Amino acid sequence: MNRSRRLSTKLIYAFILTVFLVWSLFPLFWLAITALRPNLGPLQMGNPFVFSPSLDNFCSVLSGKNLLPYFLNSLIIGLVATFLSLFFGVLAAYGLARFNFRGRRLALQWILSIRLLPPIGFVVPLFIMFKALNMLDTPATLIIVYTAFLLPFSIWMLTTTIQEIPKESEEAALLDGNNHFQVLIKIVLPSLWPAMAAVALLNIVAAWNEFLFALVFTSKKAVTLPVAITAFLGDRGVYWGEISAAALLTAIVPVLLLLLVHKQLYRGFGHWGVK
Amino acid sequence: MKSALQLFLVSVICFLTTVPVWAEDKPFAGTELTILMIAGHDVGLKTRLPEFEQKTGIKVNIITVSMPDLYAKLGTEFATGGNSYDVTEMMWAAAQGYARGGNLYELDQFMTKYHVDTKSYSSVYVDNHMIQFPQKEGSPVICLPHQADLQILAYRADLFENDQYKAEFKKSYGYELAPPASYPEFIDMAKFFTRDLNGDGENDLFGTVVMGKNFPSLVGDITSYIRGMGGNWLDKNNHPVIDSKESIAGIQLYYDLFDKEKVTPKGAATYSWGEEVADFQNGRIAMMQIWPGAVVALEDKQASKVAGKIKYSIVPGKAPTVGGWAVAIPKTAKKPEASFIFMNWLTSEKIALSRAQETGFSTATQALYDDPVMLEKFSYLPAVKASLPYGKGWPQIGEFTSIWQIGAQEISRIFSGELSVEESAKNMQKQLDRLMTDGGYY
Amino acid sequence: MADTISQIRAAFHRKSYLFFLGPSLIIMGSLTLYPMVYGIKLSLTRYNLVRPWIPKTFVGLKNFTDFFSDEYLVKSLWVTFKFAMGTVALQVFIGLLVALVLHQILKKTSLLRFMVLLPMLIVPVVTGIIWRLILNDTYGVLNWIIQWLGIAPQLWLGPDLALITVIIVETWAWLPFSILLFSLGLSSIPEQYYEAAAIDGAGPWRTFFTITLPNLRWTLFIVLVFKFSDALKAFDTIYTLTGGGPGIATRALALYVQNRGFTDFEIGYAMALSILVLTISFIIIGPFISRLDKQYE
């Protein structure tokens, strides 16, 4: 009885997972198929699975445009902005989670409001501001902008995580004469890694793929990959194959980073002990 | 060892003697230009730029973006007085708007200094004073033509010249099957060709195709129909006339092709360029109104099943829409003369023609339409040449992006079944009226 | 003397939150205070970015009172409402379900866990494009497959289905976000809780409602707050997939703001709309915030 019930539960799990994985991965599979289709074009009658694959689209993406400078821009901007948003995010989250001060709730709300405003409302004022500062078309500008707009999520996510961690050992450490900074490093950080890995991942994906600010604030020197890719959207239709190839190539860095942090994501949990 | 020394001395002498000449010839040596272009419009430049850069000493960086992005960029740029670009591409109507806003450099002094002959450009842009602002005789020149676009009709010669179809058509309709000369003929032929070829009970060949997606491409397509029926967006004095009897007839005609006559694929209500071109490439369409820019895709032997079987003619309503792109210098450009030297080189007959010959990119030089190499390679050119005298531009005002927006929005609502043609026209008239009143046109 | 020092130290201790919070507030403040003030100022003007022949004029609250006569705004609010409800509900429900299943049957790190996160890594602009290919009514692989299964092909982006399709595609793109957060939340629930529940003889449903869900409430709030705000701002996928069409059937608020701001270039009105988006967000999300706050004060 118990065994057959366990089996049926497993079957249900397997079914849910299979359906989900097909739905989730098929479009990616199709993206790869589209990129591998020779310039015959993906919109053809008949069986869409039958075609002779070629790397033409990848070649034309890599040879047609020198994507390297855009790639380097994206990489530097993405990594630095992610690092900064994480670094300052951890500090702020600790401040918000472990101190009770006047205006704390207001600060939390204000931080969230930055995330709530549609970016389109920011673009023009920010453009005017950066122009006055003579900072347009520099990687630094995008780094600052991304850091600022990634911080709200980082802070909120990390604040709630820190609050989940039992306070007792921190209080003990404080009584032992450690200052708050030491407590943060020694006691809080070890429990925070998984959440930080998740935030880092989500932040770098957001920074890596951001389009609107990158489009408006750059013109030549600081252009990032997503902006360069849309050049494959011609004025007379879409170069389906090439844009798919470009999208796959662009995704390489986030995929590598995901591989890198993936181990961190689910590690070290459960050792917060019982509250 | 000795010969190496000789070689060294000779090269030093050569270098020393060439430097002064070089300096005189290249007053802008060392200048760097940033050019903003639409994606795909930089074809054939990569190989030709080194020569220009060597000759003038000017370094050219070309930045390409997609069309909606270009306006977002230029909008912020001009509004805040940015100076990121030395030359920028734009649509003709946009050039008029930006010039009205005082954002473009007047080119007359350079035109004289560098002896630019405007006769070398596609006549439709020069004759209609589209390169000038205000758009009339004697106004200053503000932009030069880069890419020429004029809507033509692509039709399947293998269908139109098939004896069996010809006989069948004559029997049913009482006249010869030939490229349609009017919209009633167009509808007859579209109905005639809409059929089920493989006998599975579903039509798989359609007379024509329309685009119902809420996108600027819809307005680009329907305008020739509206004007072909005698209507328009605005009249000569910039009063909106989209709810006139004629304009409504044009919109109705476009929608009827989809709804009443059913001579287009069922999905056309959601089509934009990509889907339309794909349908034609797959041989599902008998006639289609296109921009010459799409010809490359239709005639691409690998991608298109009907490549080599297509002929081209003037659109049935004989009011083809003129599109195309101009290049202009922003007022804030740092070295306008260097910018102009580049622009002049880019639009010169020699470069324009050789780029077109190599890539099929329809540059805006009149020589294109008479060049034997071009005529042999690109069968659509005679149709474009025949259409040139009938060509009509967009409303040449800075509000044109809003007109697109309003048009695409309201007409696509007919295709989604939300509005009737009359309601849609009334909506557009109301919004255009407000737009033009705001703009201070009357 | 020693007393004063310890007082000073205590005061310093109390104020040291400034050291932690300061840098972030400075970064965010320097970037947002000016734009916010400027944006509010703009929202009180009639200002067209590309048509300098329309004078920039102060119009008071006219942009805001214009909301009431803007039928397009009403339509896009309705679209946004349905879109937000649909995407948030799906992302929470499916995200939680998948995270639970993964948690039940998988090791901490496995290929599957890695794979479910992949859709998030594709540039959003391309997400719309690839789905347009899949959903194309004539050539799309989806219609090919369902025809092969003997079902009639559908107009996925046609008037009847477009909004549902858009909701599903948006959900597809952002499920990794909720799966990731729920997975994190699940693995932070101490095993002992479940062991205790098992000893008490609690069934799977009771365990879920008495242990799993209460312990996931932070995660749930975070997902709700951020997914709601993202839904109200959703732009890329809809723009490339349907362009807001057919007609204006999928034109959500952010697309409408973009239309007014970067097609009409009516930046004053677009700013007023942005403020409206912010206000609506606060109205919807406000209860979650205060709930979160009550929990930890």
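A crossing of two helices is left-handed if the near helix is turned anticlockwise from the far one by less than a right angle, and right-handed if clockwise.

I am working from a predicted model, in which local features need pLDDT of at least 70, side-chain atom pairs count only at pLDDT 80 or more, and totals for chains, interfaces and linings use all residues. Residues are numbered from 1 along each chain as its sequence is written, chains are lettered from A and ligands numbered from 1 in the order in which they are written, and side-chain values use heavy atoms, with hydrogens and water left out.

**Chain A, overall.** I looked up the elements and found 11 helices and two strands; helices (H or I, at least four residues) and strands (E, at least two) are DSSP runs, numbered from the N terminus. Their order from the N terminus is α-α-α-α-α-α-α-α-α-α-β-β-α. Chain A has 275 residues, and 60% of them count as buried (under 20% relative accessible area; exposed is over 50%, partly exposed in between; 1.4 Å probe, protein chains only). I noted an accessible surface of about 11,300 Å², with 68% belonging to carbon and sulfur atoms (Shrake-Rupley method, 1.4 Å probe; for residues, only the protein chains shown count as cover).

**Chain A, helix pair.** I checked H3 (residues 68–98) against H8 (residues 180–209): their axes come within 8 Å and cross at roughly 145°. Axes are lines fitted to C-alpha atoms, for helices over the stretch in contact, and angles run from 0 to 180 degrees between N-to-C directions. The crossing of H3(A) and H8(A) is right-handed. Their contact has 19 nonpolar, six polar and no charged residues (Ala, Val, Leu, Ile, Met, Phe, Trp, Tyr, Cys and Pro are nonpolar; Asp, Glu, Lys and Arg charged; the others, Gly among them, polar).

**Chains B and C.** I found 40 residues of chain B and 35 residues of chain C in the contact (heavy atoms within 4.5 Å). The area buried between them is about 2,900 Å², 52% of it from carbon and sulfur atoms; buried area is the accessible area (1.4 Å probe) that two parts lose on being put together, summed over both. Lys213(B), Asn214(B) and Gln405(B) supply 16% of what chain B buries against chain C, more than any other three residues.

**Two residues.** I looked up Thr87(C), in helix H4 (residues 71–105) of chain C. Thr87(C) is buried at 1% relative accessible area. Not counting residues up to four places away in sequence, Thr87(C) touches Ile167(C), Glu170(C), Thr171(C) and Ala231(C). Ala94(B), in helix H4 (residues 92–100) of chain B, is buried at 3%. With the same exclusion, Ala94(B) touches Tyr71(B) and Phe400(B).
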